[in-house]
Amino acid sequence: MSAIELKDVFRVHSTPEGDAAALQGLSLRVDDGEVVTVLGPSGSGKSTLLRLLAGLDRPSAGVVRVYGEDVAKLGSRSLARYRSSLLGYADQHYARALAPELSARELVAVQLGLRGASRAGRFRRADELLERVGLGSKGDRRPTQLSGGEQQRVALCAALAHRPKLFLADEPTGELDAATADQVYDMLAELVREHRCTTVIVSHDPESARIADRIVRIRDGRVSEEWSRDDAGGETIVVGRGGWLRLPEELLLRAGIGAKATARFDDGSVVVTGVGAAEAPEPGSRSEPGSSGPSRVVARAQDLSHHYGETEVLRGLDLELHGGRLHAITGKSGSGKTTLLHLLAGLELPAAGSISVEGTELTSLDRAGRAALRRAKIAYVGQQAGLVPHLSALENVELALALRGLDGDGFAAHAALEAVGLGERATQRVARLSQGERARVAIARAVVSKPAILLADEPTSRLDGANAISIAILLSRLARETGAAVACATHDPLVIEQADTRIPLP
């Protein structure tokens, strides 16, 4: 029996910048009690799919049926009943579901209270769920007293408390570390199978697939691949009407295939070859930048140590950052990767040791001197992009120039966006860009001032595989072309694969 059936679904959003198609003929069936993970890059239509299933949005064309009901045709009362009784929905913007005046226990128990459960019964259920996600001791805390990851777990418990028949989760572990994410996935798998709950999880985290019966990948608003968890043959590419198919972007990026390709039949197989595209860069094999060879030392740290209270983060570290190279700073969580970037940027001073940037002793400067050195020589891309959402991509880059006293150079701002592949999206507001595009804007904003050092903290942490590879290749290319020393704090093997130098922290 099919619990969900989508047939030739289109969803077009009208924006001040023009119409944008989030779904383009998507078709999908999910059986009753099946757990399906939907993977795909940022902007592929994953969240739009969930909003259609939840009745929060309506298709521009096509049919969306859930347990026989055409969700798009439900009236307001029927839709409210559908959401309150049949549906559990965990939005990626989890904070919206958490009333700040309620405790975690109260938030989880709200839906049960609306359905008439007794006070003792609903709080018993709330305590059970909070215990399962490691928050049993924090039930009386309000959202402002919880971390982002803890708030996300509370929102998940609240969505599952009333034992829904259909559960939808949008990036349910997006704010969680790997260990906590594993705990949440285990909890989800246990609960949804315990109640035979049809489940659709959308994510860019491949780990979410381990609890699924079936994995579906969507690109450009259509299903492109699917496979079952136990399928030894791996991913199966879906061939659409008229022979349409979507090759995995990760493969195209690694093969160096750009805008055009040829396809030929060869001994029972179809072989795809890039046309007019440069070969994919080989790790460790980098061309030298035009004006600065990679042997030039841009920054040097000697005998660097730092601690927070009694907790030692770095001890006796020596390193060199060379121009024209991508350096990957690696290590487990808590090893000091972000702290090292802060020290190299002059945002903090080390407890011991010295740092020099192009011959200037950074650690001997006062706060104003370090700020002046950053404006002239250093660019920093944090884990949060920090973009102004109501400004366009171009305006965000121009703002960075203005803050450095370089305003009026619109050509430089546009050229920086062209360099990161966003020339055609320059006038689009940041709020309407995908996560991968926002990461590119943040990098463009950093490189526009032509820094000697570009520091990036986990630049691919919120990105799917295709965008992560794209960003890693971009950073490597920018290092070669600009001569800057690029240093990334990362645990992403896709970034490490592209790096010229690895700096491991214990």
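**Exercise 1. The second largest pocket**

Determine which element gives the largest share of the lining of the second largest pocket in this predicted model, and describe that pocket.

*Solution.* 
Step 1. Strand 6 supplies the largest share of this lining, with four residues.
Step 2. The space in the second largest pocket amounts to about 590 Å³.
Step 3. The lining consists of 23 residues, and those closest to the centre of the pocket are Tyr-89, Ala-97, Gln-111, Ala-158 and Ala-159.
Step 4. Strand 6 spans residues 87-90; helix 2 (76-86), helix 3 (104-114) and helix 5 (148-160) also give two or more residues each to the lining.
Step 5. Sorted by class, the lining holds 15 nonpolar, five polar and three charged residues.

**Exercise 2. The largest cavity**

State how many cavities of 30 Å³ or more the structure holds, and classify the residues that line the largest cavity.

*Solution.* 
Step 1. There are three cavities of 30 Å³ or more.
Step 2. The volume of the largest cavity is about 50 Å³.
Step 3. Its lining is formed by Arg-125, Leu-160, Arg-163, Pro-164, Leu-191, Val-192, His-195 and Cys-197.
Step 4. These lining residues fall into five nonpolar, one polar and two charged.
Step 5. Arg-125 and Arg-163 belong to this lining, and both are charged because Arg is counted in the charged class.

**Exercise 3. An open sheet and its helices**

Give the strand order of the open sheet of five strands, identify its edge strands, and describe the helices that pack against strand 19 and strand 20.

*Solution.* 
Step 1. The strands follow the order 19-20-21-16-22, and their pairing is parallel.
Step 2. Strand 19 (378-381) and strand 22 (501-504) are the edge strands, since each of them pairs on one side only.
Step 3. From one strand to the next, the twist averages 20°.
Step 4. Strand 19 and strand 20 (residues 453-457) run parallel and are joined by four bridges. They count as a pair because at least two bridges are required.
Step 5. Within this pair, Ile-378 lies opposite Ile-453 of strand 20.
Step 6. Helix 9 (residues 367-377) packs on the sheet and touches both strand 19 and strand 20, with a direction at about 85° to that of strand 19.
Step 7. Helix 12 (residues 435-447) also packs on the sheet, touching strand 19 and strand 20, but its direction makes about 170° with that of strand 19.

How values were computed: Residues numbered from 1 in each chain as written. Predicted model: local features only at pLDDT ≥ 70, side-chain atom pairs only at ≥ 80, totals over all residues. Heavy atoms only, no water. Axes fitted to C-alpha atoms, helices over the stretch in contact; angles between N-to-C directions. Contact = heavy atoms within 4.5 Å. 1 Å grid on protein atoms, 1.4 Å probe; cavity = no way out; pocket = protein on both sides within 12 Å on 5 of 7 lines; lining within 4 Å. Points joined across faces, edges and corners; volume = space filled by probe spheres on them.
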